[in-house]
Amino acid sequence: MSAWLLPDHIADALPAEARHIEDLRRQLLDAACAYGYELVMPPLVEYLDSLLTGTGSALELQTFKLVDQLSGKTLGVRADTTPQVARIDSHLLGREGVARLCYCGPVLHTRPERALASREPLQMGAEIYGYAGREADLEILLLALDCLRATGLAAQGPLTVDLADARIPRALLAGLPLEAGALGEVLAALAAKDESRLDALTRDFPSDTRQRLLALPGLYGDENMLARAERTLGTAPLLRQALKDLRWLAARLGPDVRVSFDLADARGYAYYSGMRFAVYAGSPACEDDAQALSSAEQARRQARGADAVLRGGRYDGVGAVFNPYVERERPAVGFSLDVRHLARATAPRARRAAIRAPWATPAEAPQLAAAIAALRARGETVISDLPGTECQPDEFACELQLVEIAGEWIVQHT
């Protein structure tokens, strides 16, 4: 084995990809800043007890562990930044009102989340703490869409928002004496739309509950499906409110956004407390393909997480465990994405224009050095050829050069 071989699902970012990723990172954070989100930078490693506290415990299998040589305690390399941001909001900021926070940094996974995924995502996210109303859900959705628009992704085809709500399966399963293992199997069958497996798992459930659970895999599609869901799922207040909120959100996302619903999507059941969403990119090739957005195959693809560029939702109370002596059941809603994955989904950036110049030092060629400094101060890229060499950068288009004409240094085409 080569000493230079990298671990599986770990890769270098070479100049073109690295610049693309960095451009996206800046665009995403600028979009969040325009909404008033404040940047935080949690550490890459924490004591494992803190990192996996509360909601973060679900990440244990995805978290690399190591021993701190200073304290002897076990450290974890973060696999998700949200628990850390929840800790910052609850334990460090301690604000009573609304807090809008954003972040962008690497996380590390023990296993890839899906085929071809990196185990070192560059995770960008934004979160609102302290507001329980659906207006915060809508702001997060609008910000998520504006972030993707800022990167140029929307120009490649319409964005599709797939909406679900954790309250729907939770309301249907409420009161059933299910052990954790049995509950997990039911939720997995719902998420995979495995109707035969769901039929077998619910055989001993009360008749009304069973019928409604078996109906869930078929409740996907456009807004017309919601009326059918209201007739099918019953009149429980929690169900009615969830469907009402989904309809309200969908009506406010704008005409350029496709909206679909998948009421059986039970991923993150233990984590999410309300609305949850995924954003998919790309345009159908023809009108017949557009109809497939609400088809069973599309629903199955989305259930597997295929092509989702961004995910988010509501996770109230996520930071309560970090401040047990103070009532801090803070409502929270947010989203996150992998900037590396987004870079693969967006068009490559054009090479940056640059000016080639002779080598110069202020002492030996003060006029040339001054001309180069003035160009760089104006925001131009100037590449000085080292003596006896010619630089051949991949990321810069050197179609201009700095030449001396009649004692003046002038920029002209090569």
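Reader: Is arginine 167 buried or exposed?
Author: In this predicted model, arginine 167 is buried, with a relative accessible area of 16%. Buried means under 20% relative accessible area, exposed over 50%, and partly exposed in between, with a 1.4 Å probe and protein chains only.

Reader: Which side chain does arginine 167 meet in a salt bridge?
Author: Its partner is aspartate 165, at 2.7 Å from N to O; a salt bridge is a side-chain nitrogen of Lys or Arg within 4 Å of a carboxyl oxygen of Asp or Glu. Aspartate 165 is buried, with a relative accessible area of 1%. Salt bridges also link Arg134, Asp165, Arg167 and Asp245 in a network.

Reader: How many salt bridges does a search of the whole structure find?
Author: The search finds 25. One of them joins the side chains of arginine 100 and glutamate 139, at 2.7 Å from N to O.

Reader: Why does that pair tie together parts that are apart in sequence?
Author: Arginine 100 lies in strand E5 (residues 99-106) and glutamate 139 in helix H4 (residues 134-150), so the pair ties together parts 39 residues apart in sequence. Helices (H or I, at least four residues) and strands (E, at least two) are DSSP runs, numbered from the N terminus. Arginine 100 is partly exposed at 28%, whereas glutamate 139 is buried at 17% relative accessibility.

Reader: What are the conventions on numbering and atoms?
Author: Residues are numbered from 1 along each chain as its sequence is written, and side-chain values use heavy atoms, leaving out hydrogens and water. Local features need pLDDT of at least 70 and side-chain atom pairs count only at pLDDT 80 or more, while totals for chains, interfaces and linings use all residues.

Reader: And the confidence: what pLDDT does the protein chain average?
Author: The average is 88, and 90% of the residues score at least 70; pLDDT is the predictor's confidence in each residue, from 0 to 100.

Reader: Where does pLDDT stay under 50?
Author: That applies over residues 283-305. Where pLDDT is low, the predicted coordinates should not be read in detail.

Reader: Changing topic, what is histidine 20 in contact with, leaving aside its neighbours within four places in sequence?
Author: Its contacts (heavy atoms within 4.5 Å) are Ala343, Thr346, Ala347, Pro348 and Arg349. Histidine 20 lies in helix H1 (residues 15-34) and is buried, with a relative accessible area of 7%.
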